[in-house]
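Below is a colleague's note for the file. Please read it alongside the coordinates.

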Amino acid sequence: MSTAETIAHPTTQRAPKGCNRPVMTHVTQDERDRLDALATEQQRSLSATTRLLVLKGLAQLDAEAGAA
């Protein structure tokens, strides 16, 4: 048996089902540093951290629109 045969493949997906529409964005170095620090602090990937921030921002926008 080779080492590759004994390594278990991950059973979880990296993103929730339906997350198949990538978004590219540009950020400043300071913003990237903050994202990296937050991802490290929360023990998440940069992608997962960015997605979480996008979802929170969208929820905030929806709340503000509902309050108006």
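1. Overall make-up. The model is predicted. The protein has 3 helices and 0 strands, and the order along the sequence is α-α-α. Of its 68 residues, 4% are buried. Among the helices, α1 spans residues 3–6, while α2 covers 29–42 and α3 covers 46–67.

2. Geometry of α2 and α3. Two packed helices are described by the angle between their axes and the distance between the axes. Here the axes of α2 and α3 come within 9 Å and cross at roughly 105°.

3. Residues at the α2 and α3 contact. By type, the contact of α2 with α3 is made of 6 nonpolar, 3 polar and 2 charged residues.

4. Thr 49. Apart from neighbours within four places in sequence, Thr 49 is in contact with Leu 35, Leu 38, Ala 39 and Arg 44.

5. Gln 43. This residue lies in the loop between α2 and α3. Its phi is positive, about 55°, although Gln 43 is not a glycine. Gln 43 has a relative accessible area of 75% and is therefore exposed, the cut-off being over 50%. The backbone at Gln 43 deserves a look in the viewer for its positive phi.

6. Arg 14. The loop between α1 and α2 holds Arg 14. With 88% relative accessibility, Arg 14 counts as exposed. What separates the C-alpha atoms of Arg 14 and Ser 45? The separation is 9.4 Å, for two residues that are 31 residues apart along the chain.

7. Largest pocket. The volume of the largest pocket is about 820 Å³. Its lining has 22 residues, and those nearest its centre are Val 23, Ser 47, Ala 48, Thr 50 and Arg 51. The elements giving two or more residues to this lining are α2 and α3. The largest share, 8 residues, comes from α3. By type, the lining of the largest pocket divides into 12 nonpolar, 5 polar and 5 charged residues.

8. Second largest pocket. Which residues line the second largest pocket? They are Val 27, Glu 31, Arg 34, Leu 35, Leu 38 and Leu 53. The volume of this pocket is about 160 Å³. Here the largest share of the lining, 4 residues, comes from α2. The lining holds 4 nonpolar, no polar and 2 charged residues.

Note on methods:
Residues numbered from 1 in each chain as written. Predicted model: local features only at pLDDT ≥ 70, side-chain atom pairs only at ≥ 80, totals over all residues. Heavy atoms only, no water. 1 Å grid on protein atoms, 1.4 Å probe; cavity = no way out; pocket = protein on both sides within 12 Å on 5 of 7 lines; lining within 4 Å. Points joined across faces, edges and corners; volume = space filled by probe spheres on them. Nonpolar A, V, L, I, M, F, W, Y, C, P; charged D, E, K, R; others polar. Axes fitted to C-alpha atoms, helices over the stretch in contact; angles between N-to-C directions. Buried < 20%, exposed > 50% of the residue type's maximum accessible area, 1.4 Å probe, protein only. Contact = heavy atoms within 4.5 Å.
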